[in-house]
Amino acid sequence: MLNVIWLALLVGSVVVAVFTGHTKDVVIAATDSAGSAFKLALGFTGIMALWLGIMKIAEHSGLIELFTRAIAPVMRFLFPNIPDRHPALGSMAMNMVANMFGLNNAATPLGIRAMEDLETLNTRKGTATDAMCMFLAVNTSSLQLVPAGAIALLAAGGSADPTIIVFPALLATTASTVCGVVAARRLSRMARFREDTQEVPEK
Amino acid sequence: MSGLPDLVSVASGAVFLSFLVGIPVYGFFKGVKVYETFVDGAREGFDVAVRIIPYLVAILVAIGMFRASGAMDLITSAMPTAVRDLGISPLVLSLILMRPLSGSASLGILAEIISSSGADSYEARLAAVILGSTETTLYVIAVYFGAISVNRVRYAVHAGLIADAAGVCAAVILCWVFFG
């Protein structure tokens, strides 16, 4: 899909440029943008390093583990069909905590691990379980508490107050997560999806 | 209303600082060598920045060309004014459309918005809040389900996109309340 969008942007802009007479501007824009992309990444480096350093301390001090334990009651509510103390609960909690702290590099491997753990409870291979869909709904609703990437870009762009967006972003992402959870619960009960419901291993 | 942006600024700063200072303080009392650990983790920051360069070049060049071509004017004129009234500019709209597909691409669009409208503009703040309240839904679904060879994802895409739409709506309303 990204291939199509990217190619459409390139081809589309050349086609439009030919008709609007902006061909020269497009050539200049292409070279300038490539240069500014690199400068942007340089500005990004410092703040990214700061955040990753802090997160390493959170990891080593056991703060992330503490979070995993604190989140346990929520996990029971979201995934009622997963047996207590099943490894999937731990790996999903770890993934969610990593997501909350914006640790994308840690979140993806942990999330894949969680999916593998959930797959052990799946009685119909190749079809998603309710727990998997709920996990993905929570995951793709964005859990990140502090949007570090966006703040880094605002700061690099010379904002007088880059962290001003933290509070509204926290409220908005809470709203999206609640909607994602409600939507997943509702959708799982809809006739067109319900036929597939499984999870509790059939004997 | 004039006191509200200050309050937002203080609350946002407090959340950020509690992570920035609270975590090292907690770590110190837990016996973590905070300085060494910080440096160790921070070293990865360079790798992350380097890793996103190709994505930034790809998307910024495409968007730069797109903007220079005058195609944005076509979209602006085609966009219903009702959408504009919500504070959603053509670039913010492209961010909303690009967001489920690529995190690096949407970061690139935010960068584009910041450089064209300024880092303290309403547009940049709205885009930043949208970015913070949505996720690269289709990408995550493809990777996570791909890893366990599940092809029938049932309602996962529906739920993910509903959550993203809710995030965008909440961002538009909250930015209007806080920054409007």
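Predicted model: local features only at pLDDT ≥ 70, side-chain atom pairs only at ≥ 80, totals over all residues.

Colleague: What makes up the secondary structure of chain A and of chain B?
Modeller: Chain A has 10 helices and zero strands. For chain B the count is nine helices and zero strands, and from the N terminus on its elements read α-α-α-α-α-α-α-α-α.

Colleague: How much of each chain counts as buried?
Modeller: In chain A, 48% of the 203 residues are buried; in chain B, 49% of the 180 residues are.

Colleague: How many residues does each chain bring to the contact between chain A and chain B?
Modeller: Chain A brings 90 residues and chain B brings 94. On the chain A side, the elements giving two or more residues are helix 1 (2-20), helix 2 (23-60), helix 6 (104-119), helix 7 (130-140), helix 8 (148-156) and helix 9 (166-189). Helix 2 of chain A supplies the largest share of that side, 25 residues. By class, the chain A side has 53 nonpolar, 30 polar and seven charged residues.

Colleague: Why are helix 5 and helix 6 of chain B called roughly antiparallel?
Modeller: Helix 5 (residues 90-98) and helix 6 (residues 103-117) of chain B pack at an angle of about 170 degrees, and their axes are 9 Å apart. Angles over 145 degrees count as roughly antiparallel, so helix 5 of chain B is roughly antiparallel to helix 6 of chain B.

Colleague: Which residues make that contact between helix 5 and helix 6 of chain B?
Modeller: Helix 5 of chain B contributes B:Leu91, B:Val92, B:Ser94, B:Leu95 and B:Met98, while helix 6 of chain B contributes B:Ala105, B:Ser106, B:Ile109, B:Leu110, B:Glu112 and B:Ile113. By class, this contact has eight nonpolar, two polar and one charged residues.

Colleague: Which residues of helix 8 of chain B are buried?
Modeller: In helix 8 (residues 137-147) of chain B, B:Thr137, B:Val140, B:Ile141, B:Tyr144 and B:Phe145 are buried.

Colleague: How do you know that they lie on the same side of helix 8 of chain B?
Modeller: They cover an arc of only 105 degrees around the axis, which puts them on the same side of that helix. In general, an α-helix has 3.6 residues a turn, so residues three or four places apart point the same way. Just after helix 8 of chain B, B:Ser149 takes a positive phi of about 55 degrees.

Colleague: What makes B:Ala165 partly exposed?
Modeller: B:Ala165 has 16 C-beta neighbours inside 10 Å. Buried needs 20 or more and exposed needs 12 or fewer, so B:Ala165 counts as partly exposed.

Colleague: Where does B:Ala165 sit?
Modeller: Its place is in helix 9 (residues 156-179) of chain B. The C-alpha atoms of B:Ala165 and B:Thr134 are separated by 8.2 Å, with the two residues 31 apart along the chain.

How values were computed
Residues numbered from 1 in each chain as written. Chains lettered and ligands numbered in written order. Contact = placed C-beta atoms within 7 Å. Helix = DSSP H or I, 4+ residues; strand = E, 2+ residues; numbered from the N terminus. Nonpolar A, V, L, I, M, F, W, Y, C, P; charged D, E, K, R; others polar. Axes fitted to C-alpha atoms, helices over the stretch in contact; angles between N-to-C directions. Parallel < 35°, antiparallel > 145°, perpendicular 65-115°, else oblique. Arc of directions from axis to C-beta.
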